[in-house]
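Please read the following briefing alongside the sequence and the 3D structure.

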Amino acid sequence: MATAITSVQADNISHALFLDVQIGANVYYMSSAYKPITIGSNTYNELGTFLTIDDFSDNIRQTQGDIALSLSGIPSEEDYMAQILAEPIKGGNVTIQRGFFDLTTNEIIPGQVFTRYKGVITNFSVQDDANRIQNQETMSVTIMTSSINSVLKEQITGQRTNPEE
C-alpha cells in the first residue's frame with residue numbers, strides 16, 4: 001500500500017535518516033541530523049555517530065536488499081568498537097527511518113517520519129587506521145544487514161526425521 005509523503009512535494013526539502021540498531025540487549029539510536037532529535041520516546045544521537053549508509057534500492061516487488069552501515073564513535077559517548085566486540089551482534093534488528101524537517105523551524109514535522117528499511121545484522125567488519133607520524137588513530141565498524149526477505153529465503157524448511165540430530 002502506497003503512502004503519500006507530502007513533504008517531498010515542496011520545492012525545497014530537508015531530511016535526515018534515523019537508525020535503530022540492536023547490539024546485544026541494547027538498542028542504539030543514531031541519526032544523520034545535526035542535533036539530537038526525539039521521535040516517539042527515543043532520542044537519536046546527532047551526526048557523526050554513523051558515517052555512511054549504502055544506497056536504497058526501490059522496487060515495486062519485494063527484493064532481497066542488503067545494506068551496510070559504517071559507524072564511528074565521534075562525537076558520541078558510545079564506544080561502538082567495544083560494544084560490538086563484547087556483545088552478540090549477529091541477529092540484531094536494524095530499522096532505518098527517514099524524517100522530514102520544517103524549513104522555517106528546523107524541527108521534525110510530526111507524522112512525516114517513514115520507515116525505509118527493516119533488516120537483521122548478518123556480519124560486521126572492523127577497520128583501524130593508524131597514522132603514527134601524526135599520532136592519529138581512526139576506528140570504524142561496518143555492519144552488514146539483510147532484509148527480512150533475505151532471512152526468510154535462507155530459512156531451512158522441512159521436517160526432521162533423524163531424532164539423533
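The count of salt bridges comes to one, where a salt bridge is a side-chain nitrogen of Lys or Arg within 4 Å of a carboxyl oxygen of Asp or Glu. The salt bridge joins the side chains of Glu107 and Lys35, at 2.6 Å from N to O. This is a predicted model, in which local features need pLDDT of at least 70 and side-chain atom pairs count only at pLDDT 80 or more, while totals for chains, interfaces and linings use all residues. Residues are numbered from 1 along each chain as its sequence is written, and side-chain values use heavy atoms, with hydrogens and water left out.

**The salt bridge and its loop**

- Glu107 lies in the loop between strand 7 and strand 8, and Lys35 lies in the loop between strand 2 (26-31) and strand 3 (37-39), so the pair ties together parts that are 72 residues apart in sequence.
- Glu107 is partly exposed, with a relative accessible area of 39%, and Lys35 is also partly exposed, at 23%; buried means under 20% relative accessible area, exposed over 50%, and partly exposed in between (1.4 Å probe, protein chains only).
- Asn106 is likewise placed in the loop between strand 7 and strand 8, and its phi is near 60°, a positive value in a residue other than glycine.
- The relative accessible area of Asn106 is 37%, which makes this residue partly exposed.

**Aromatic pairs**

- The structure holds three aromatic pairs; rings of Phe, Tyr and Trp (its six-membered ring) pair if their centres lie within 6.5 Å, and planes under 30 degrees apart count as stacked, over 60 as edge-to-face and the rest as tilted.
- Phe18 is buried, with a relative accessible area of 0%, and Tyr44 is buried with a value of 1%.
- Phe100 and Phe114 form another edge-to-face pair, with 6.4 Å centre to centre and 65° between the planes.
- Because Phe100 lies in strand 7 (residues 93-101) and Phe114 in strand 8 (residues 108-131), their pair ties together parts that are 14 residues apart in sequence; both residues are buried.
- Ring pairs also link Phe18, Tyr29 and Tyr44 into a cluster.

**Surroundings of Thr142**

- Thr142 is placed in strand 9 (residues 136-147), and at 18% relative accessibility this residue counts as buried.
- The side chains of Thr142 and Ser70 are joined by a polar contact of 3.3 Å, meaning a pair of N or O atoms within 3.5 Å; within protein, one must be able to donate a hydrogen and the other to accept it, and residues adjacent in sequence count only if both atoms are side-chain atoms.
- Leaving aside residues up to four places away in sequence, Thr142 touches Ala68, Leu69, Ser70, Asn123, Phe124 and Ser125, with contact meaning heavy atoms within 4.5 Å.

**The chain as a whole**

- The secondary structure comes to two helices and nine strands, where helices (H or I, at least four residues) and strands (E, at least two) are DSSP runs, numbered from the N terminus.
- From the N terminus on, the elements run β-β-β-β-β-β-α-β-β-β-α.
- Of the 165 residues of the chain, 32% count as buried.
- Among contacts between residues at least 6 apart in sequence, 59% join residues at least 24 apart.
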